[in-house]
Amino acid sequence: MSDAATYRDLAEAGWSWTLDQVRDDDGPWLPESVDEEAPQAAAAWDRDGLYIGISGTALLLAELAQHRPFTEREQRLADGVVARLGRRSRTSDDPSLYEGLAGIATGLRHLAPGAEQDAMRRIGESRTPAGWALPGPAPYAGTVLTDIIGGTAGIVLTVLWTGGAADLVSAGCDALLDDADETEAGLDWGMVPHAVSRGPNFAHGTAGIASALAVAGTALGRPDLVAAAVRGAEHLLSVGQLDEHGFVVPHTIPPSRREVESVTYTWCHGPAGTSQLFAALARAGVAEVGGYPTAWLRQRCFDAILDAGVPQRLRPGFWDNDGRCCGTAGVGDILLDAYQDAADHEQAGWLLEAARKMADALVERADRDDAGARWRFIEYRIAPPLLPPGTSWMQGSAGIAAFLFRMARVLEQGRAAPVVDRPDQWWAVPRELTTSGAPPL
């Protein structure tokens with residue numbers, strides 16, 4: 001396995017390449033991907049978001065600041081990001097975490113604490129009795145979503161993370177309770193309330209929504225929210241598979257013909273993200289779900305990832321992505337969360353080695369030259385299958401470099417290393433390690 005110096009050196013190379021891709025048009029922005037043979041892209045509508053936009057770059061800058069002072073160029077970029085996000089926080093009408101105001105608030109809180117207040121105020125003003133409606137684009141314009149990425153769960157978690165108004169959190173959670181569907185085993189949520197198709201894992205479904213309810217119920221002293229979260233976990237146990245290989249829940253219910261794999265192992269649609277629900281329930285004091293210890297279920301999610309062969313590319317369509325949302329860096333970061341949160345020494349050692357396995361895959365797959373380092377994902381259904389390198393937090397070099405910086409820091413400083421926390425994971429690590437000042441649970 002590689003050492004801390006190797007991970008940090010590669011992280012610096014990934015950051016150097018990313019920094020060189022930054023462009024300026026009324027403030028800094030990044031193209032989603034860089035194809036040297038294609039015409040230069042214009043800034044996209046979601047240029048400021050957390051998923052592919054400059055708010056995600058703010059998180060990488062926050063991670064970099066844990067390692068060394070900024071250069072003059074980096075400080076100018078940080079100042080430009082704060083200025084741009086500050087302007088957008090006063091004009092954006094998208095409240096969501098990964099494309100809108102909640103993500104803007106996340107970036108601002110890390111680079112300029114206190115500057116997120118305008119964004120949080122607008123989030124409060126835009127709430128409806130049913131939750132938060134998206135302004136666009138199609139197909140969800142005017143729709144109230146429930147999920148982490150674009151809906152009420154992600155917004156509620158951001159309000160909590162920033163220490164926002166308890167009544168706003170409570171009202172958002174009440175809307176989520178209204179959107180729940182009763183099943184034979186518990187509660188289930190669609191990304192669009194009561195939709196037929198379900199993505200039950202963390203990004204768009206029950207695992208993420210139940211996580212928000214568990215965290216909110218703990219913070220607000222509302223046992224009804226925690227109870228609803230438990231019922232969500234019970235539903236997942238009923239539709240998932242728990243055996244000697246670990247615990248997994250299908251990518252989509254009913255199965256989608258668009259998906260290559262019926263089960264994936266990622267942050268978004270797999271056990272990596274779903275493990276965060278069991279971390280939230282444990283923080284809420286829930287000792288077991290469905291007769292199984294909560295901490296054990298969290299570990300069984302990790303067992304499933306390694307048992308499946310991640311991060312090896314075993315077959316076309318299996319593990320073709322190294323990013324945070326859908327691939328290696330996201331899995332590695334969650335393994336580090338669990339490592340820094342583990343109570344058992346032997347389990348902690350297993351989790352650290354698993355995280356290093358993910359980091360080593362990123363070392364092996366880096367496309368590196370004098371310009372720096374980047375990573376190219378695969379889509380085997382198109383020709384050529386190698387995609388242009390991405391720049392973003394969730395699908396590219398920014399998020400990958402941030403994980404590698406953290407990996408190096410953890411190896412050097414141990415389990416007490418600072419954690420650059422975010423609204424969708426701050427409960428999964430000890431509060432005293434967080435750099436944002438997240439409220440205690």
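This is a predicted model: local features need pLDDT of at least 70, side-chain atom pairs count only at pLDDT 80 or more; totals for chains, interfaces and linings use all residues.
Local features are given where pLDDT is at least 70, and side-chain atom pairs count only at pLDDT 80 or more, while totals for chains, interfaces and linings use all residues. Residues are numbered from 1 along each chain as its sequence is written, and side-chain values use heavy atoms, with hydrogens and water left out.

**Figure 1. Overall fold of the chain.** The secondary structure comes to 14 helices and 10 strands (DSSP runs numbered from the N terminus: helices are H or I of at least four residues, strands are E of at least two). The chain has a radius of gyration of 20 Å, close to the 22 Å that the globule rule gives for 441 residues, so it is as compact as a globular protein of that length. The radius is taken over C-alpha atoms, and the globule rule is 2.2 Å times the number of residues to the power 0.38. Along its principal axes the C-alpha trace spans about 55 × 50 × 45 Å. Of the 441 residues, 58% are buried (under 20% relative accessible area, with a 1.4 Å probe and protein chains only). Among contacts (heavy atoms within 4.5 Å) between residues at least 6 apart in sequence, 65% join residues at least 24 apart.

**Figure 2. Close-up of helix α3.** Helix α3 covers residues 72–89. From the first C-alpha to the last, its 18 residues reach 25 Å, close to the 26 Å expected at 1.5 Å a residue (the expected span is 1.5 Å times one less than the number of residues). Its buried residues are Glu74, Leu77, Ala78, Val81, Arg84, Leu85, Gly86 and Ser89. The cover over them includes α1 (4–20), β2 (28–29), α2 (54–65), α4 (101–111) and α5 (117–125).

**Figure 3. Close-up of helix α2.** Helix α2 has 12 residues and reaches 16 Å between its first and last C-alpha, close to the 16 Å expected at 1.5 Å a residue. Because 11 of the 12 residues of α2 are buried, this helix is largely enclosed by the rest of the structure. Glu63 is one of the buried residues, which also include Ile54, Ser55, Gly56 and Thr57. Elements covering the buried residues of α2 include α1, β2, α3, α4 and α14 (397–413).

**Figure 4. Close-up of Gln340.** Gln340 lies in helix α12 (residues 328–341). Its relative accessible area is 4%, so Gln340 is buried. Leaving out residues up to four places away in sequence, Gln340 touches Arg406, Val410, Gly414, Arg415, Ala416, Ala417, Val419, Pro430 and Leu433.

Note on methods
Buried means under 20% relative accessible area, exposed over 50%, partly exposed in between (1.4 Å probe, protein chains only).
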